[in-house]
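Here is my notebook from an afternoon with one protein model. Have the structure open while you read along.

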Amino acid sequence: MPYRQILYHLVFRTKYSIPALDLEHSEKLYRYIWGIIKNKNCKLFQINGIEDHIHLLTDLHPSIALADFVKDIKVASSLWLKESGDFPNFVGWGKGYCALTYAYKEKEVIMRYIKNQRIHHHKESFKEEISRFFRDHHITDDGYFWKDD
């Protein structure tokens with residue numbers, strides 16, 4: 001049995017950054033994504049977002065590649081969002097995603113940050129947030145995160 005402690009803060013956005021994630025129904029989406037993650041033997045510690053993007057704090061089972069994990073979440077949730085009827089403006093997820101790793105001792109801070117997304121975005125736009133993440137984590141922004149085609 002492998003032992004691991006891999007925490008990922010994942011962020012992905014709607015295609016064209018359309019504000020399509022109706023906050024009134026977002027808890028249903030979050031429960032659906034939690035089910036996907038649970039079925040992959042991973043743990044979801046926190047999920048939240050606003051109309052055009054979501055944040056997740058999750059661990060990653062060592063048998064799963066990060067790119068496959070994110071792809072599976074995006075594909076399954078995209079189908080569910082389109083079929084649910086609660087998100088009529090949803091056309092898909094953007095191509096890119098942001099994945100940041102954190103030490104387990106930072107878990108509570110990141111959970112609180114994600115939990116407070118709706119308050120946070122009254123002060124900082126999503127583009128400013130992603131730019132700050134890239135700067136703080138020394139990620140070169142090649143523009144792929146914002147690609148949609």
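**Entry 1**

I looked up the strands and found four of them in an open, antiparallel sheet, ordered 2-3-1-4. Strand 2 and strand 4 are at the edges with a single partner strand each, so one side of each has no neighbour in the sheet. From one strand to the next, the twist averages 15°. My terms: helices (H or I, at least four residues) and strands (E, at least two) are DSSP runs numbered from the N terminus, and two strands pair if DSSP finds at least two bridges between them.

A note on the source: this is a predicted model, where local features need pLDDT of at least 70, side-chain atom pairs count only at pLDDT 80 or more, and totals for chains, interfaces and linings use all residues. Residues are numbered from 1 along each chain as its sequence is written, and side-chain values use heavy atoms, with hydrogens and water left out.

**Entry 2: confidence**

I checked pLDDT, the predictor's confidence in each residue from 0 to 100. The protein chain has a mean of 93, and 98% of its residues reach 70 or more. Among the elements, strand 2 has the highest mean pLDDT (98) and helix 4 the lowest (91).

**Entry 3: strand 1**

Which strands does strand 1 pair with? With strand 3 it makes seven bridges in the antiparallel sense, and with strand 4 it makes five, also antiparallel. I traced some partners: Leu 7 bridges to Asp 59 in strand 3, Tyr 8 to Thr 101 in strand 4, and Leu 10 to Ala 99 in strand 4.

Next I asked how many residues of strand 1 are buried. The count is seven of seven, where buried means under 20% relative accessible area, exposed over 50% and partly exposed in between (1.4 Å probe, protein chains only). In a regular strand the side chains alternate between the two faces of the sheet. Here Leu 7, His 9, Val 11 and Arg 13 are on one side, Tyr 8, Leu 10 and Phe 12 are on the other, and both faces are covered.

**Entry 4: helices on the sheet**

Helix 2 lies across strand 1, strand 3 and strand 4, at about 45° to strand 1. Helix 5 packs on the sheet and touches strand 1, strand 3 and strand 4, its direction making about 145° with that of strand 1. Axes are lines fitted to C-alpha atoms, for helices over the stretch in contact, and angles run from 0 to 180 degrees between N-to-C directions.

I picked Ser 77, which is in helix 2 (residues 66–84). Ser 77 is buried, at 0% relative accessible area. Beyond neighbours within four places in sequence, Ser 77 contacts Leu 29, Tyr 32, Ile 33, Ile 36 and Trp 93; contact means heavy atoms within 4.5 Å.

**Entry 5: helix 3**

In helix 3 (residues 107–115), the buried residues are Lys 107, Ile 110, Met 111, Tyr 113 and Ile 114. They are on the same side of helix 3, because their arc around the axis is only 160°, taken from the directions from the helix axis to the C-beta atoms. Their cover includes strand 1, helix 4 (117–120) and helix 5 (126–136).

**Entry 6: cysteines**

The whole structure has zero disulfides. Cys 42 is buried at 6% relative accessibility, and Cys 98 is buried at 2%.

Technical notes. Disulfide = S-S within 2.5 Å.
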